[in-house]
Amino acid sequence: MRPQLLALALFAAACTPSRPPVVTAPPPAPPRPEVVVTMVIDQFAAWIAAERLPLLPDAGGFARLRREGTWFREMHYMHAATDTAPGHSSLYTGVPPRESGILANELVDARGERYSILRDDATRVVTFDGPADGAASSIAILRVPTLADAVREQRPDAVIVSVSLKDRGAIFGGGRRPDATLWFDPRRDSFVTSTAFAQAMPAWATPAGTTAAVTALRAAPWALANDNWVQEHAASSDDNPGEGDLDGWGTTFPHDFTRSRRPGGALRASPMGDVAVLDLAAAAVTGARAPGRPMLLAVSLSSNDYVGHLFGPDSWEAWDQLRRLDASLARFFDRLDAAVGPRGWALVLSADHGIVTLPEAPREARPWCTPAAPADHWARPCGPLTRLDPDAIARELQEAAVAAVGAGAWVRGVADPYVYLTPEATQLPAERRAQLLAALEARAQQHPEVERVVQTLTVPARCDEGESVESLLCRSIPADSGAALYLQGRAGAFFDAGYVPGRGASHGSPYLFDRAVPLFVRAPGAVEAGRRVDEPVPFTRFREMAERLLGL
Ligand SMILES: [Zn+2]
């Protein structure tokens, strides 16, 4: 209390001796951590967390989070296309793709080629040597503000840093005006940024973000951290059919980096990719943090996604990835302790989407399908698992279009789960265009792996609050998306991720195995320790918790 206020209070108390003064103490403000870390583990399904985290060692990062924080077992996305860009953008904006505009990972260009939804030809890649040739990414396509934007507006002095293995993992966390938004470029084998965010790499990113640092991480092959533990839990063998061999990286342990023709790609698809990101994040905590200024550190760990795509979530690789990620997190938390003390940092951790079993995995990988098993809480499929080829579907639809409205190039391409038409098709007179769309819808609906086809223009103007597939679809499609059709596969059918065509597993469906992710919040003094919440919470909880911890 300021001296004048104290004097006034004493004066008031002295003048009213018959009634004691009413003291209404404000509730104690929650302790404000010096560093708030938001972390997204790519492809970390709620079902994986529920079943596998209890199997990890007590000294690991997840055991620490379970002891010191609250574990919301089931956070639900409210959109249908459960992919990385829609997931990250939903977490950091608090709104679904319909409002954010981030409807998918990729769009289709005029030549029918897929490209990243964040690619921005007006920007250039920025390396440690400065701006270089080649278009980079930006946040320009995002229609709404992010958590980081709100931080920047309310605390202009805040330090905002975002790091990831991929641009779509970094950009939403850092927002429009970060101090640094950095991601790994596998072609350059080094971390980079974009002229959308900076003209130079930050000084603190040397050496952690350089080629020398990532090369050092590849010095030894990726070997199992604990053979017995992996073999005890993994349902399949190390060389299970269906696993993808990325440029010579191999499908069995040990994975020797020197065998890969693209070592940068192999780094991402190994636990060392996460180590690279966490080393850079730790460098930001010591190098970019400024006393008295709040720090938002957004970390996106994507190795889990590459490993799951290539080998499937049941593989030896996926189990070892989880175990090594757990150890890497424990080390990162120790580094945060050393920098700001255990009460000086808080963490909000979640995932961008889930995953489904590898199609070729043995029957034991799906214990929920045994006759005696109860109905699966996560809606995991028991029918055949299949990969959809987006280019084959595009060709089929083009044939159907010609049959319906005559010769011409009508279908531009498929960037899952959307079908795009050519300008000639969109400019057809209304009646012929309707005829074309009806023919495409009918043909797509005949596909044995397609559950539902939606003409995007028929999506209602207002979406209801529910979690039916119709409601999820409604919240997925922006009113002016540019896409013509939405293709929803039946449960267990997924679009081929394409890292090794015809191999591996993927996600992207509206079902709970893809749509439910865990949420951890660790904030000493502000969030209950050792608690588990089993009731589902909506995806908006991630941003709400982060805002609370940042004092917004
Ligand atoms: Zn993925």
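Helices (H or I, at least four residues) and strands (E, at least two) are DSSP runs, numbered from the N terminus. This is a predicted model: local features need pLDDT of at least 70, side-chain atom pairs count only at pLDDT 80 or more, and totals for chains, interfaces and linings use all residues. Residues are numbered from 1 along each chain as its sequence is written, and side-chain values use heavy atoms, with hydrogens and water left out.

**Entry 1: a helix pair**

I looked up helix 6 (residues 147-154) against helix 19 (residues 540-550): their axes are 11 Å apart, at an angle of about 20 degrees. The two are therefore roughly parallel (angles under 35 degrees; over 145 is roughly antiparallel, 65 to 115 roughly perpendicular, the rest oblique). Contact here means heavy atoms within 4.5 Å. Helix 6 contributes L147, A150 and V151, and helix 19 contributes R543, A546, E547 and L550.

**Entry 2: aromatic pairs**

A pair of aromatic rings is described by the distance of the centres and the angle of the planes. I searched the whole structure and got 16 aromatic pairs (rings of Phe, Tyr and Trp, the last by its six-membered ring, with centres within 6.5 Å; planes under 30 degrees apart are stacked, over 60 edge-to-face, the rest tilted).

I took F62 and F520 next: the centres are 6.1 Å apart and the planes at 50 degrees, so the pair is tilted. F62 sits in helix 3 (residues 61-68) and F520 in strand 18 (residues 516-522), 458 residues apart. I checked burial (buried is under 20% relative accessible area, exposed over 50%, partly exposed in between; 1.4 Å probe, protein chains only). F62 is buried at 0% relative accessibility, and F520 is buried at 1%.

Then I looked at Y77 and F539, which are stacked, with 6.2 Å between centres and 25 degrees between planes. Y77 is in the loop between strand 2 (70-76) and helix 4 (84-93), F539 in the loop between strand 20 (537-538) and helix 19, so the pair ties together parts 462 residues apart in sequence. Y77 is buried at 0% and F539 is buried at 4%.

**Entry 3: around F62**

Ring pairs link F62 with F44, W71 and F520 into a cluster. In helix 3, I listed G61, F62, A63, R64 and L65 as the buried residues. These pack against strand 1 (35-41), helix 13 (316-340), strand 11 (345-351) and strand 18.

Note on methods: Axes are lines fitted to C-alpha atoms, for helices over the stretch in contact, and angles run from 0 to 180 degrees between N-to-C directions.
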